[in-house]
Amino acid sequence: RLKLSSRTCTEWILPGVRMLAAIRAMRHEALAGGKIHVIKVGTSTLLTNDEVGGQKVSLSNISRLVELIASLRTSGDHVVLVSSGAVGMGCLKLGLSQRPTGPGVKQALAAAGQSRLMRLYEDLFAVIGVNVAQLLISRDDFSDKARFLAVRNTFWALLRLGVVPIVNENDSLSAENVANFGDNDTMAAMTAVLLQADWVFLATDVDFLYTANPKEDPNATPIYAVEDLSRLKLAGLEASSSQWGTGGMATKIIAARIAVCAGVHCGLVNGEVPERIGQMIRGKKEGGTHFVALKGCASFAQNDHNRWIITLPPSGSLTLDRDGYDAVLTHHKIRTGMLLKCSGEFSHDEAVALFFDGKEIARALVRMSSAAITEEMTRSMVGLRDFTRELQSAGIYLDGYSSWRKGGHKGASGEMNAEVLRQLEQDGRVIKSDTPKSSGHQSSVIADGCDIVLMCTATIKEADRQVLILSGSGAKRLPGCEPTAPFAL
């Protein structure tokens, strides 16, 4: 069984816990206490059908949302509003009955509708004496670490001044071939990660996440809480039900995964009943579906560097063997000798997804390009790679296989020459099953432990379990570890 060394605990776990406490203190001082809530509303919340089958602004929904935000601020909390709807507002402003397509049309509609959308918010918030500010951000603001921190400081300054930031993607200047958020659900989750928020709420047109599509299956039952997102299947989830929107239930689950892996609770609520956001904050499960934040000590998603890595779009993926998985759990370096597969094209200092046993377990910032990794893997895999360790970890013990590798059995190519095998092992082209993990057969470092962020509930729990074992108490949690929701299904 994998155990963490005292050196690992001293160098990684305890400093991580102390860093988390320091960041929380800095955030508390900057915002004078209070929780941070990010609320995302989409086009389906802002617009509704009119009497002749067209679209109109839903003043009822927006007014109740504004009143809710004012109520949260009165209680001492801070709110960031992520609002879609610029393109839909542009269509209304220009008298278009359908959303047109064509080069530059989306950008033009967003430019025309964003001013109308902000004017609406300005007028409604002014009635209750709340100041608002517009922030149009892009994917590049998250891709560069310096800009990532600059945007965060701008948010914190606005919240400190008592202003409600209203955020939207800068669609009017976006290009089709340039990376963007894809939908505001993802942008809301990334904003919550950026701000170290307590909650991010995603408004939709249903009351809960259901076991099936409630519009098609009358036997669909609501899911009140989700602790392990890896158990949910995205297949069959409906896309946006509105011709004006770009999101859907699948995008909300992806956004929820980004949030919970950074320690941010995520709530799925009906945008027509914004009061349910307050119910979820108070712990009432009837408010909507609660995606429970991962609060494990070993996740290390609580510092600026790790939060930044989570918000980066993965440019490729690496499939790890058992040694690689153990390295991820203990936040050791990942080497090329621990890889089974390299997918995608990426450069050094880009983010990649790490897979083990068919599941994404972590994200990492790599020190090598995909071309360099593939070249080294090809060079080191000449000959026969020994999969004894992987087989044993799966509970498979093949005495004949081990004997065949040592020259005692005949294989498909005839007798294995033990002397040739030993020479291949010395050259680093065949990996011995008893090779110590620290040697890594002289393979290159792909990612440092400090550049790895766990993204899987089971992996985080396994890492935390090892921390508790090392601490000598299976009942106590180290500082910074928090229990999960009591009503999770």
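**Helix 7 and two of its contacts**

Biologist: At roughly what angle do the axes of helix 7 and helix 8 cross?

Modeller: This is a predicted model, in which local features need pLDDT of at least 70, side-chain atom pairs count only at pLDDT 80 or more, and totals for chains, interfaces and linings use all residues. Residues are numbered from 1 along each chain as its sequence is written, and side-chain values use heavy atoms, leaving out hydrogens and water. Helices are DSSP runs (H or I, at least four residues), numbered from the N terminus; axes are lines fitted to C-alpha atoms over the stretch in contact, with angles from 0 to 180 degrees between N-to-C directions. The two axes come within 9 Å and cross at roughly 80 degrees.

Biologist: Which residues of helix 8 make the contact with helix 7?

Modeller: Contact means heavy atoms within 4.5 Å. From helix 7 come F148, V151, R152, F155 and W156, and they meet T191, L194 and L195.

Biologist: How is helix 7 oriented to helix 11?

Modeller: Helix 7 (residues 145–160) and helix 11 (residues 304–311) pack with their axes 11 Å apart, at an angle of about 105 degrees. Angles of 65 to 115 degrees count as roughly perpendicular. The two helices are therefore roughly perpendicular to each other.

Biologist: How many residues of the contact of helix 7 with helix 11 are charged?

Modeller: K145, F148, L149 and R152 in helix 7 meet D304, H305, R307, W308 and T311 in helix 11. Asp, Glu, Lys and Arg count as charged; Ala, Val, Leu, Ile, Met, Phe, Trp, Tyr, Cys and Pro as nonpolar; the others, Gly among them, as polar. The contact residues divide into three nonpolar, two polar and, as charged, four.

Notes
Parallel < 35°, antiparallel > 145°, perpendicular 65-115°, else oblique.
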